[in-house]
Protein chains: 2
Amino acid sequence: MGKKYVYFFGGGKAEGNAGMRSLLGGKGANLAEMTNIALPVPPGYSVSTEACKFYYEHGENYPPGLEEQIEKNLVKLEEVMEKKLGDTANPLLVSVRSGAPVSMPGMMDTVLNLGLNDQSLQGIINQTGNERFAYDSYRRFIMMFSDVVLSGAKDSPDYRPELGRHAFENIFAEVKKKLGVKEDTDVDADGLKEVMERSKEHFEKEYGKPFPGDPREQLRLSTNAVFESWNNKRARDFRRIKNIPDELGTAVNIQTMVFGNMGENSGTGVAFTRDPSTGQKKVYGNYLADAQGEDVVAGVRQAVPIEQMQQTVPEVYNQLLNVCQLLEKHYQDIQDIEFTIEKGKLYVLQCRSGKPTATGQAVVKIAVDMAREGLLAENIEEGRKKALLMVEPQHIDHMLHRQIDPRVEAGPVAKGVNASSGAATGAVVFSADDAEKRGEAGEKVILVRPETTPDDVHGFYGAQGILTQVGGATSHAALVARGMGKPCVAGCDQISIDLEAKQFTIDDIVVKEEDTISIDGSTGRVFLGEVPTIEAQMTPELQTLLTWADQVKRLGVWANADYPDDAVRAREFGAQGVGLCRTEHMFMETDRLPTVQKMILAKTEQQRRSALDKLLPLQREDFKGIFRAMDGLPVIIRLIDPPLHEFLPDHDELLVEVTELRLKAPGTTKLAEKERMLQAVKSMREQNPMLGLRGCRLGLVMPEIIQMQVRAILEAACEVEAEGIDVHPKIMIPLIGHVNELKAVRQQLKGTAKKVTEERGMNIDYKFGTMIEVPRAALTAGEIAKVADFFSFGTNDLTQTTFGISRDDAEAKFLMRYVENGILSANPFQTLDQKGVGTLVKMAVEAGRQSNSDLEVGICGEHGGDPASIEFCHRAGLDYVSCSPYRVPIARLAAAHAALKKQSIA
Amino acid sequence: MGKKYVYFFGGGKAEGNAGMRSLLGGKGANLAEMTNIALPVPPGYSVSTEACKFYYEHGENYPPGLEEQIEKNLVKLEEVMEKKLGDTANPLLVSVRSGAPVSMPGMMDTVLNLGLNDQSLQGIINQTGNERFAYDSYRRFIMMFSDVVLSGAKDSPDYRPELGRHAFENIFAEVKKKLGVKEDTDVDADGLKEVMERSKEHFEKEYGKPFPGDPREQLRLSTNAVFESWNNKRARDFRRIKNIPDELGTAVNIQTMVFGNMGENSGTGVAFTRDPSTGQKKVYGNYLADAQGEDVVAGVRQAVPIEQMQQTVPEVYNQLLNVCQLLEKHYQDIQDIEFTIEKGKLYVLQCRSGKPTATGQAVVKIAVDMAREGLLAENIEEGRKKALLMVEPQHIDHMLHRQIDPRVEAGPVAKGVNASSGAATGAVVFSADDAEKRGEAGEKVILVRPETTPDDVHGFYGAQGILTQVGGATSHAALVARGMGKPCVAGCDQISIDLEAKQFTIDDIVVKEEDTISIDGSTGRVFLGEVPTIEAQMTPELQTLLTWADQVKRLGVWANADYPDDAVRAREFGAQGVGLCRTEHMFMETDRLPTVQKMILAKTEQQRRSALDKLLPLQREDFKGIFRAMDGLPVIIRLIDPPLHEFLPDHDELLVEVTELRLKAPGTTKLAEKERMLQAVKSMREQNPMLGLRGCRLGLVMPEIIQMQVRAILEAACEVEAEGIDVHPKIMIPLIGHVNELKAVRQQLKGTAKKVTEERGMNIDYKFGTMIEVPRAALTAGEIAKVADFFSFGTNDLTQTTFGISRDDAEAKFLMRYVENGILSANPFQTLDQKGVGTLVKMAVEAGRQSNSDLEVGICGEHGGDPASIEFCHRAGLDYVSCSPYRVPIARLAAAHAALKKQSIA
């Protein structure tokens, strides 16, 4: 028979299993697996992805032997079910569904109730005694088959709308009109029969041939249609966005239909094995008695909480609980199942991981609970490790953003791509200008756009959140929103925007400018009106999980903190040190800025010293607060880094003022003053300030400032040490490119430090180190390490200089486009570029450690909070990562993952 | 006796030789060498540098045995000379001179006529019968000994001016006054005897002890003084500037005095073995009969051309010619000698290479002549190689700058450091503001400053040349001037500037503002008035030498040429291709700029295309001119690189205009127009344009421009090929950081190129390659080489990104200071930073060649014309260097040197 293309499941065992995902698709592999573990799965068979691949590689022809294999399995299915396709007495009906190796929800087509024809219709009526159901099933099948199998792809020029769903819906509407009823449910069996008959006539008229009555022909055409659907535009677009290879192909699953609408001891429902909102350990779901799945979707009747099955079908309910327990034990994860009860018999139609739809909070609780329950492993340590691997960093990210309250009753009206975490509520606006203007005025708005471009970026600042119709997780909107930390739902194609009319619609719902909506960027959901949200919080389970993480991770997790408040929060989140305290923010504070400006503009050393003398006690107090918060832990303080003109008034504003005053108030003192300031600002202006007079270069040209800073650090250290605080300041000299720079600055500052400790008669454990943030520092790290106690990779600047890209300029102008077009696989300012920047990091770590075995090495760029980058840091042998306080919990988990993954590779 | 510290020379042989420079110093080694080759050198001995080192390492004590060795050699000297120190009958007089391993002209002290006391004075009178000479020698000795040996270092607080030269000069002046004479030569023997006696009295009064009469004590004290002079401030500063290690130490040379003032058959002179101005093969120098060296310096009588010796002392003259020939043969180089004739006997007092004082033209001619004469080697090839190594790149540099006419009679009035090549004439100005203002007005001015700072840089632009009093070859003035290609004489400490009075003085000469001076930055000379200069020129000897260079070099030498004229010149200078043709300069031309602006500001693709259609024929003509000039050779054309706002009006000027118009002419069309333009400029402005939307990024965002350029290149190639020109265009895509950028751009452009060649029905040999100018390109060169036919290192930008330094901002603001303070040993934009940038270059060459064995690799940054960088490029295995046309000859020689040096290392 040659190669095997068809895999049977049913009768207690299956030819496939969960490990055959790439061959049978996700759905097929799970149906096989469930069959093997003796769950009540309606039998059927899967046509493998290889058949689909062959189909495309050979001009849409079946591989040799496939038809025979299908026929053989069909016969087997009929035997197992003791039913026959198209039989008048005991007809077999099947569903035909696609199933790709990678989840592509809703992207491809499904045909239900296949096997219905005039003969089997009678069989169904005989079996169920329910004419209305039978006619309804038949007319739905005609509509679905015509729409899915014969009308052509909706996005192709060949699409035939007269064979599409809408044409048949019209027939139904006409009949309802004729009968004078409004609701589908008010149409009786005769009415449905008329709909069915008129549908068949309509089909024959438009298609030129009668509706195909041969179930085997129906099956062949449907299988082809599933193959074709793999290549429809929607599916192709989806794959392109998600980076899914086109070669995977889809499987086709043919499965016996079961019916939940056969009376009160029938029904249908969905269930999670645990509560996907809270993680609570109880089966959670909805149930609708005497109904099919599509009734639930159509909202014909309201589904009830699943617990009510206890009253109506207690045995089945217990069976369901058992199934859930079995599945959890088998998959070691929360499961999301669809089930149908046909005349008291439970069937599981589908199971999949419930994690994608669970909240972060739930995933964390479930992982911790399962470990404690011993469900993951007998050994406690092993169980904890598995629990850690069950939780993704993004789950913690979601928990640490403002979230839609999971107890909220209101359902979402649409769902898009969860592009940037967090919940936001606001009035709808349709232009970036409006968003900017109203945001600046303090209003809360949500910016809604078909898609965004660099011209819209200014609107992001003013908006609470962003909602787009087109584009996915790597679209411009998604990238920019994530960069700014704004919630974003992207690619929500259920909404249809009319920019002229300033409104968007979701089916019948019209949302106008000014209407309030809420979006949940963590899950991609869109709600009408204001929806209650809850603050980010550390749950007890998260605390526990992170304690477990700390036990397996090797990397230290430190935090970037510029103020005492930040340091306190970082410590609460588990930071083991401060990896970056930027001192210039302290200079920027409104009450200090005038003194800082006096210092910068000083004409004499005396003027400069007098301004610095005023700043010294302020800086000292800042440092004392941070030292107190980090009692016992290291604190890395970076000396002043930005170019000095950042502390002066804006050049362009001054230029306008001076030009105006020259015309309106010549000769005035005010003009003279402004002119002086403009002159000073001009003299400090640089063409490329990123690459200009900043960092250690400032310290070499104008040493008084960093001398003041080191004095403030050491004085603060002495004073808190006297309070009994255990203090470990590490002084970081930025932007070193040549070892001689570090030698010169360090020499100078060592003198200052020694002087202060001698004045105070104290012994302080202080160190001097440097940022590695230009390529030359990394390339000559061996030399630099000889005069540095520590390295901290400033990967933001290192990425800028390694790529030759200014982040401020590039993200809007071309970097987003690079990521969208696949020139770059990720924004290198969010995820460390391992090939380029990473090579420099590895070279520097190696050379640095070789010449100074005590060298401590960490990272303090934004990448320190990015899971993929953290894994790289682990592999590169860094001692710690430092990130923003809110990302510390994420980094702790990611560091644990890195350690566990390296174990599993080793 | 232990270690040998003292080396004798005399009596026909010496213990040392020319190879013992580090032990005996340059002077001592040469005296030994000349003695060994039987030249008439006054005998003596050298105390080695190791004795000096010991002296400093052991608290200024002599090593054991040194005193005994000195005494033994002194006795030997007395035996050889048949004279005795301090003898009444036949006294021996000696000179004591320092002599370091590295030339430190004038940095340390000398004592002459040592051995004179009241007894030996009689011996001299008896021997010479010349009382006047004897008394004069004695009074000079007292003055010199007191000044050099006993007054203390002039820059130390212990200096005793009453023992210094000036105190004794005063005594002489008093006696002259008493005698009523003006000139030294008018003082007779009795007068000089009085000066001598009063000098002794003065000494005893001030020093508290009589003048030391014991010659051995004189000798001991003088030797110590030479040791001490190694560490005086002047010598230390000189070493710091020239990067000479402090540990070398100096030797002390004790040599028998000979006297040229013993009648008409005595005399003194200096001679070059060839003409140091023209290189002509004839002994060139000056001679003064019956005189000592100091008489020549004092200008007592005018020296005569050396040829006149033929008439007066023909035998000695022939002897001198023989000595010169012998020396040239021995040293294989032009020599500069000092000689004295004592009673018809020729003595050579010193010989050294004449190259440092020869013109570039002379050095080149001498090298070529000597090779042809067979003086350098018997084998012709070997001789040519030696000739190549005799010439330094700077000699060619000097020849290729405007030079002071070597036939000029006028002597320089001062000499400083030759800081930046070329000659310049102009009116003296003393402030940068004046230089800028008057330079802009078209006047020729020389900026004269005590030293320069970043605040003076604007004045450099306006000045023809720069003259400073303080600082050396790495001073701010030197670095900036070299960077701008302006002639500069730095550290000319013979001039004394009075900024208040707006004048400077050289001894008695006063030069006021507005006075004309000339400077020669190639030799460091300063002249009064306008001095004739000659144009840069390629002499026949240079042509020959460069042909020889081409025979040994491995590196190709290409040129950067933006216009056909440049290409023609480059080819004349021997360029083997165009390594960089920047296309944006073509856009900047006044008549094209409006069209370029229209293209940039186009609102629709149609508008853009229409502007590009106008530019296409212009670019095509540019390329045709270059292709014609480079018939048969490769031409690398770089696609548009700078950010587009560089082509638009200046932002600040527009802002001022708009602000003014808003007040003065609200509502006018002109305002609206200017506002539109301002808006456009604002939208293209970048914070760090160096790292912004430029290079290949432009090509990806706005592909029409580079498509037009590639069309222009290929159309031009087709058209000149049809003329019979052999054309090899190489299209260079700038600023690649990721292989995917190159893939995308190349793909797009290949299409355009194919289309053009198909339209024209021609076959053109074109290639696509990239600049490697950001670190990431170097780090991922292996990937990039797979889609590139060639690499060209853009080391200007690569240096900027590797260091994280913007050249425009940094050179004035801190980079000069870095070089002055020794943080960097050189300006990395002039000489390639081998440790940082060089590491990236080597990595990229290696990885690139590994993945593409046909890859052609060159460099087109400014470093391509810098000799040290060229040597690096040779070692790194590059195929060629490309530099500005004027530097092509220099690069050819440097490339030959690199090949020869590598041979000699191997």
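This is a predicted model: local features need pLDDT of at least 70, side-chain atom pairs count only at pLDDT 80 or more; totals for chains, interfaces and linings use all residues.

Student: What makes the relation of chain B to chain A that of a two-fold axis?

Tutor: Chain B is superposed on chain A by a rotation of 179° with 0.3 Å of shift along its axis, and the RMSD is 0.6 Å. That is why the relation is that of a two-fold axis. The same surface serves both copies, since 100% of the contact residues of chain B recur in chain A.

Student: Which residue of chain B comes closest to the rotation axis?

Tutor: That residue is Asn688(B), whose C-alpha is at 2.1 Å from the axis.

Student: Why is Gly794(B) called buried?

Tutor: The term buried applies under 20% relative accessible area. Gly794(B) has a value of 4%, and therefore it is buried. Gly794(B) belongs to the loop between strand 32 (790-793) and helix 31 (795-803) of chain B.

Student: Which residues is Gly794(B) in contact with, leaving aside its neighbours within four places in sequence?

Tutor: They are Met771(B), Ile772(B), Glu773(B) and Cys860(B). As for Gly465(B), it is 329 residues from Gly794(B) in sequence and 30 Å from it in space, C-alpha to C-alpha. Contact requires heavy atoms within 4.5 Å.

Student: How is the packing of helix 23 and helix 27 of chain A described?

Tutor: Two packed helices are described by the angle between their axes and the distance between the axes. For helix 23 (residues 605-629) and helix 27 (residues 703-722) of chain A, the angle is about 35° and the axes are 7 Å apart. The crossing of helix 23 and helix 27 of chain A is right-handed. The residues of this contact comprise 12 nonpolar, 3 polar and 10 charged.

Student: What makes strand 27 of chain A mostly covered?

Tutor: In strand 27 (residues 556-560) of chain A, 5 of its 5 residues are buried. Gly556(A), Trp558(A) and Asn560(A) point one way from the strand, Val557(A) and Ala559(A) point the other way, and all are buried.

Student: How do you know that strand 27 of chain A pairs with strand 34 and with strand 28 of chain A?

Tutor: Pairing requires at least two bridges between two strands. Strand 27 and strand 34 (residues 880-883) of chain A have 4 bridges, in the parallel sense. Ala559(A) stands opposite Cys883(A) in strand 34 of chain A, and its bridge partner in strand 28 of chain A is Val578(A).

Student: Why are strand 15 and strand 16 of chain A called edge strands?

Tutor: The open sheet of chain A has 8 strands in the order 15-25-24-17-18-19-20-16, with mixed pairing. Strand 15 (414-415) and strand 16 (417-420) of chain A each pair on one side only, and they are the edge strands. Strand 15 of chain A pairs with strand 25 (residues 525-528) of chain A in the antiparallel sense over 2 bridges, and Ala414(A) has Val526(A) as its bridge partner there.

Student: Which residue takes a positive phi in the hairpin of strand 24 and strand 25 of chain B?

Tutor: Gly524(B) does, with a phi near 85°, in a hairpin that has 4 residues between the strands. Strand 24 (residues 516-520) and strand 25 of chain B run antiparallel and are joined by 4 bridges, and Ile517(B) stands opposite Leu528(B).

How values were computed:
Residues are numbered from 1 along each chain as its sequence is written. Chains are lettered from A and ligands numbered from 1 in the order in which they are written. Side-chain values use heavy atoms; hydrogens and water are left out. Copies are superposed by least squares on the C-alpha atoms of residues with pLDDT of at least 70 in both. Buried means under 20% relative accessible area, exposed over 50%, partly exposed in between (1.4 Å probe, protein chains only). Axes are lines fitted to C-alpha atoms, for helices over the stretch in contact, and angles run from 0 to 180 degrees between N-to-C directions. A crossing is left-handed if the near helix is turned anticlockwise from the far one by less than a right angle, and right-handed if clockwise. Ala, Val, Leu, Ile, Met, Phe, Trp, Tyr, Cys and Pro count as nonpolar, Asp, Glu, Lys and Arg as charged, and the others, Gly among them, as polar.
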